[in-house]
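Please look through the sequence and the structure below before reading on. The paragraphs that follow lead from one of the ligands to the chain as a whole, and then to some of its parts.

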Amino acid sequence: MASSSRVLLCFSLFIALCFSGIHADEAESKEFVLTLDSSNFSDTVSKHDFVVVEFYAPWCGHCKKLAPEYEKAASILSSNDPPVILAKVDANEEANKGIASEYDVKGFPTIKILRNGGKSIQEYKGPREADGIVAYLKKQSGPASVEIKSADEATTLVGEKKIVIVGVFQKFSGEEFENFLALAHKLRSDYEFGHTLDAKHLPRGDSSVTGPVVRLFKPFDELFVDFKEFNVEALEKLIEESGLPVVTEFNNDPDNHPFVIKFFNGQNDKAMLFLNFSSDVADAFKSKYREVAEKYKGEGISFLLGDLDASQGAFQYFGLKEDQVPLIIIQTNAGQKFLKPHLEPDHIAVWVKEYKDGKVSPYKKSEPIPEKNDEPVKVVVADSLQDIVLKSGKNVLLEFYAPWCGHCKKLAPILDEVAVSFEKDPEVVIAKFDATTNDVPSDFDVKYYPTLYFQTASGKLLPYDEDDRSKESLIAFIEKNRDKTETTTETKTEKPESGKDEL
Ligand SMILES: *[C@@H]1O[C@H](CO)[C@@H](O)[C@H](O)[C@H]1NC(C)=O
Ligand SMILES: *[C@@H]1O[C@H](CO)[C@@H](O)[C@H](O)[C@H]1NC(C)=O
């Protein structure tokens, strides 16, 4: 169960966590991580060439999981040469909110690498377990591009499983070389870079070129590409384009996962075809799908091919059933979904065209409306949300939960008691909504479980942000905020949205 919860979360914001295999291990002796706040942040940062800062919130579960790993990494890196400083800022603390907004912190945890006394800021895009953090930061604190002097060095750097960008030059000076280094600095959190005077060292491509040329090695499609472009922005664009496979494969191979993460973090609409890779028809699907992906290249859709075996998380997230495969689902950036189950290879091109032409209706995930709904806490599904909540004209306390969520299980008997205490009141409804099997409409901001909302009879939505989810507090909140039929309207203060959490 725990693994499915992790996979579900991954398909939302912090996909990276999916593959990181985090194990909380609290028994570390503290404390190599520096605690910074508004009183000493600037001072500390300006004194160091390389500081890593984690912005966290005390209530954020992913931050709690990261903490021991981050601390362990800090202790290992404390003896690194040059020193690598790991720090943390409680961004939930009122006094620190200025720093958080200065560093554009939108979710927790957010980790930034500050170089050069804070003058250059880079997003941390590495793993979240101690050894991975250490390896990533060691690389980040070294040179942005390393010189390749032999075939062995080239083979070690390039490998077979990642994207590596190598500049071939006649001399390590001049505008082209400087621009290459600038690019390496800019993109170093995403790719590895090397430079060489001799293309013969390189494992793939024309070994007689003398440069200047930028060669991108990749583990998919054409395996390498040469660019003769040395404008930093233009090069960056070319690299972004060829850095994603035409079709990203999602299976149990961890080497594919960085590309899967890139796929989900990308700005494009996302087409995902799921099937059983071991079935006879897999090859036919792969080649037809690839044709379609090539056809729509540059048109704002990215394509992923997922093996049923690795995709349980996706199936749960989208509310799909295994007997619907082979299937294709498109999720737009705006959050709409389009689904074609029981796909055949020849359907792919036709259906994607229909989708592009606006001829496919969106798909909404909902459990069936329950026939019986006579427990104190009412069951709401996507298809009954309008009736029971949004258009009900009642005061409704609605819980968004996930079946695997421990805090939700603790809350369940309390909600029951709250519901029982309002049983005689026809204007108050206590309800629950399984957000894993039903699509949550955009009226609600559900980033963690349980999320509680209160809708007044007149239709005003209030998030319930208190940590205190006792029966007394919930009842008091309902009493305070409900629309009372007999009294005149009173002014109600709406709580500010809580910060983003951790999906
Ligand atoms: C920064 O100040 C806080 C108290 O305001 C203190 O707890 C923390 O240790 C200080 N950090 C450093 C690195 O001096
Ligand atoms: C995929 O197909 C193979 C071969 O037909 C079968 O043995 C396997 O159980 C299938 N996997 C799933 C997850 O259905």
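**A walk through the model**

The shell around ligand 2 is made up of 1 nonpolar, 3 polar and 1 charged residues, where Ala, Val, Leu, Ile, Met, Phe, Trp, Tyr, Cys and Pro count as nonpolar, Asp, Glu, Lys and Arg as charged, and the others, Gly among them, as polar. The residues that surround ligand 2 are Asn276, Ser278, Ser279, Leu308 and Asp309, a residue being near a molecule if its C-beta atom, placed from the backbone, lies within 6 Å of it. The model is predicted, and local features need pLDDT of at least 70, side-chain atom pairs count only at pLDDT 80 or more, while totals for chains, interfaces and linings use all residues. Residues are numbered from 1 along each chain as its sequence is written, and chains are lettered from A and ligands numbered from 1 in the order in which they are written.

Ligand 1 has a shell of its own, formed by Leu34, Thr35, Leu36, Asp37, Ser39, Asn40 and Thr44. By class, this shell around ligand 1 holds 2 nonpolar, 4 polar and 1 charged residues. Strand S1 (residues 34–36) gives the most to it, with 3 residues; helices (H or I, at least four residues) and strands (E, at least two) are DSSP runs, numbered from the N terminus.

Consider next the whole protein chain, which has 16 helices and 20 strands. Its radius of gyration is 26 Å, close to the 23 Å that the globule rule gives for 503 residues, so the chain is as compact as a globular protein of that length; the radius is taken over C-alpha atoms, and the rule is 2.2 Å times the number of residues to the power 0.38. The C-alpha atoms fill a box of roughly 85 × 65 × 40 Å, taken along the principal axes. Of the 503 residues, 34% count as buried, a residue being buried if 20 or more other C-beta atoms lie within 10 Å of its own, exposed if 12 or fewer, and partly exposed in between, with C-beta atoms placed from the backbone. Among contacts between residues at least 6 apart in sequence, 74% join residues at least 24 apart, two residues being in contact if their C-beta atoms, placed from the backbone, lie within 7 Å.

Which residues touch the most other members of the largest nonpolar core? Of its 34 residues, they are Val52, Val53, Phe55, Ala73, Leu86 and Ala87, and such a core is a set of buried Ala, Val, Leu, Ile, Met, Phe, Trp, Tyr and Cys residues joined through C-beta atoms within 7 Å. The elements that give two or more residues to this core include strand S2 (50–56), helix H4 (61–77) and strand S3 (85–90), and H4 gives the most, with 6 residues. Leu86 touches Phe32, Val33, Val52, Tyr70, Ala73, Ala74 and Leu77, not counting residues up to four places away in sequence. A second, separate core of 32 residues includes Ala271, Val292, Ile330 and Ile348.

After H7 comes Gly159, whose phi is positive, near 60°.

In the loop between S8 and S9 lies Pro212, and the peptide bond from Gly211 to Pro212 is cis, with omega near 5°. Another cis peptide bond joins Tyr449 and Pro450, with omega about -10°. Asp104, in the loop between H5 and S4, has a phi near 60°, a positive value in a residue other than glycine. Asp104 counts as exposed because it has 11 C-beta neighbours inside 10 Å.
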